[in-house]
Number of protein chains: 2
Amino acid sequence: MAGSVNIKDVARHAGVSVGTVSNVLNRTDRVRSDTRARVEAAIAELHFVRNESARQLRAQRSRIAGVLVLDITNPFFTEVARGVEDVLGAAGLSVVLCDSDTDEDRQDRYIQLLTEQRVQGVLVVPVGPIDRQVTRLRRQGISVVLLDSEAPEGLACSVSVDDVGGGRSAVQHLLALGHRRVAFVGGKGRESQVADRAKGAHVAFLQHDEPGAELVSVTARALTIEGGYEAATQLLGMPEAHRPTAAFCSNDLLALGMLRELSAEGVSVPDDFSIVGYDDIDFAAAATVPLSSVRQPARDLGQLAGELLLEEASGLAHEHRQAVLGTELVVRASTAPPRRKSARRARRA
Amino acid sequence: MAGSVNIKDVARHAGVSVGTVSNVLNRTDRVRSDTRARVEAAIAELHFVRNESARQLRAQRSRIAGVLVLDITNPFFTEVARGVEDVLGAAGLSVVLCDSDTDEDRQDRYIQLLTEQRVQGVLVVPVGPIDRQVTRLRRQGISVVLLDSEAPEGLACSVSVDDVGGGRSAVQHLLALGHRRVAFVGGKGRESQVADRAKGAHVAFLQHDEPGAELVSVTARALTIEGGYEAATQLLGMPEAHRPTAAFCSNDLLALGMLRELSAEGVSVPDDFSIVGYDDIDFAAAATVPLSSVRQPARDLGQLAGELLLEEASGLAHEHRQAVLGTELVVRASTAPPRRKSARRARRA
DNA sequence: CACTCTGTATGAATCGTTCTACGGAGCAGC
DNA sequence: GCTGCTCCGTAGAACGATTCATACAGAGTG
């Protein structure tokens, strides 16, 4: 049976008071070594496991932090989570990972859950505006750091990436190669990250200032491999005269999906079409046509966010900071100058 | 301030007793509608958020289930987690994801954490033998289901995949194509899944019974893309006479890494070398040389495990069951008959 | 011997919620 | 008017660990 053995059972079994057992658990040095040994023996014998709910109730705070990401199947976010884990784990906090699946309702449910748990802190990659939820968390004394998204001044700490710059560098690269019609592939969602990457793409076009150059917007159902298939199909459906010769995809999943679908349809990358992705996940380099991609320092992002959270949670004087990390364009094999007009056209399926 | 407003504050503010507030929260129908409205107004006004620790303490059980996987950056496991979420989320349980990173210590720490939290249940992809931990969890009244690994009869429910069968079908495919020297690529770990896949590979060889056919074992540092690069290097380092003409990799990460490294070294897949992966993650189909792979029904696996957990946790009479799901070999472009002897050899870098 | 000081152990109060036993009000039936 | 309901609401005892004020024993000091 055993059901649940508590500190009182341990105390009785060891012939001491509950206070002493608690001391063995939490302030080991305050108890004589023979007493401690007796208590520890009782703990082992009865298979006592501390009830964290009771502990938390008393302590008014848990030893857990939550990480809430947009898409747990996207390696970029799991890499970020690992970065968080690196830092918080070392500080003795446990990290639990939650997946909003880019759904505001799910995001809010998880935030509610974490609030009810009175976690130490929450690191969240937000879906849509999140000011209200941040205020609510703060009101419960829960630290918040925004991940991969810049917080409004004074609202919270945030660690983001210069997505405008990243988007710009991707498109500059394509323009420099000689492409004039470039697709920007985004999703239906209104993630600020994607919007910023799009903005960066526009900036690159404005700076380029070549007459006739055109940025075409393509919208996939979701920022997934599937979405990439779909976006490729959309591109192939365009009349050749207006079809872009290159695409900047707002993440690598899209880019890999598009790469695959184009190859399957006989469009050669990079000879017939160039692709730049975003995130530089491991799979980007591992693609057989290794993908040019805008690298985000995912692990660093997570680590820095973890540090900011610890700083805020420590209760010391704390000024919210907005860290913005840089990106790095990694050029691989999926980008090349466009084929000359005279060359044979991509075969349609 | 606000700090923490509790049910008592709400009661005072609404002019009722704490019991009534609790009833509004938990058994809404037992309270007259005007009273309820008053309480709800007070809750909203004071920004009351239920303290889940106290609730759990009283209820002796949380509304959370934990999923503990080997590698959170491997899309196979996150897909399994989504399957679990599908089922448990619908049942009103929240799911938290933990990453053992194939490390027994980390695994044990997370199990300890989940035990202290008195979660409803734990779904775990085990690292090494786990009987002791299962017994311990069970003793605390926590349900356990093993994922992707078959539990010893009577110990726990488990949902696994016929890895021996999967391994066999992969290697049978290669043998049928005419390969005679085949590499099995595993890792340093002692995961039972990998061992079973290796066993399946051996079975295929035994059944094939062709003199001179040879199964070569290659060990990567880890079952990751990096590990795949490394395994490819090992293969390329072998004297050509003994070098396998095909590899069965124990997961897709390895396979994709190997595919990439071989391509980079001028070895063409599948012309010079065939590769079969395992898991059939989305990235496998999306590789530019789409990967032949043994598909595991990841999401189904998670869903079924979730259902078994709910059944066990419901407290009804419950017999532990071992579900074993089948695999399906998905043949794509990374496998082909071996090049004839006379053909040119792969160029070394 | 009286005193203080130090090192240990104790016991009760506390955290916030749930839930059971109970009570008062209103109503029907006799 | 009494009994027996139902409906709503209340009071207070749990749940299990932590912690603080306190007690006590023994050593050291004068």
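In this predicted model, a polar side-chain atom of B:Thr35 sits 2.2 Å from a phosphate oxygen of DNA strand D, a polar contact being a pair of N or O atoms within 3.5 Å (within protein, one must be able to donate a hydrogen and the other to accept it, and residues adjacent in sequence count only if both atoms are side-chain atoms). Residues are numbered from 1 along each chain as its sequence is written, while chains are lettered from A and ligands numbered from 1 in the order in which they are written. Since this is a predicted model, local features need pLDDT of at least 70, side-chain atom pairs count only at pLDDT 80 or more, and totals for chains, interfaces and linings use all residues; side-chain values use heavy atoms, with hydrogens and water left out.

Sugar and phosphate make up 71% of the atoms of DNA strand D that come within 4 Å of the protein. Helices H2 (18–26) and H4 (52–59) of chain A, plus H4 (52–59) of chain B, each put at least two residues into this surface, helices being DSSP runs (H or I, at least four residues) numbered from the N terminus.

On to DNA strand C. Here A:Thr20, A:Thr35, B:Ile7, B:Arg55 and B:Arg58 come nearest out of 22 residues. The side chain of A:Thr35 has an N or O atom 2.3 Å from a phosphate oxygen of DNA strand C, and for the side chain of B:Arg55 the corresponding distance is 2.7 Å. A base is reached too: a backbone N or O atom of B:Ala54 lies 3.4 Å from a base nitrogen of DNA strand C. Still, 73% of the atoms of DNA strand C within 4 Å of the protein belong to sugar or phosphate, and the rest to bases.

As for the two chains, a rotation of 180° with 0.1 Å of shift along its axis superposes chain B on chain A (RMSD 0.1 Å), by least squares on the C-alpha atoms of residues with pLDDT of at least 70 in both. That is the relation of a two-fold axis.

Technical notes. Near = heavy atom within 4 Å.
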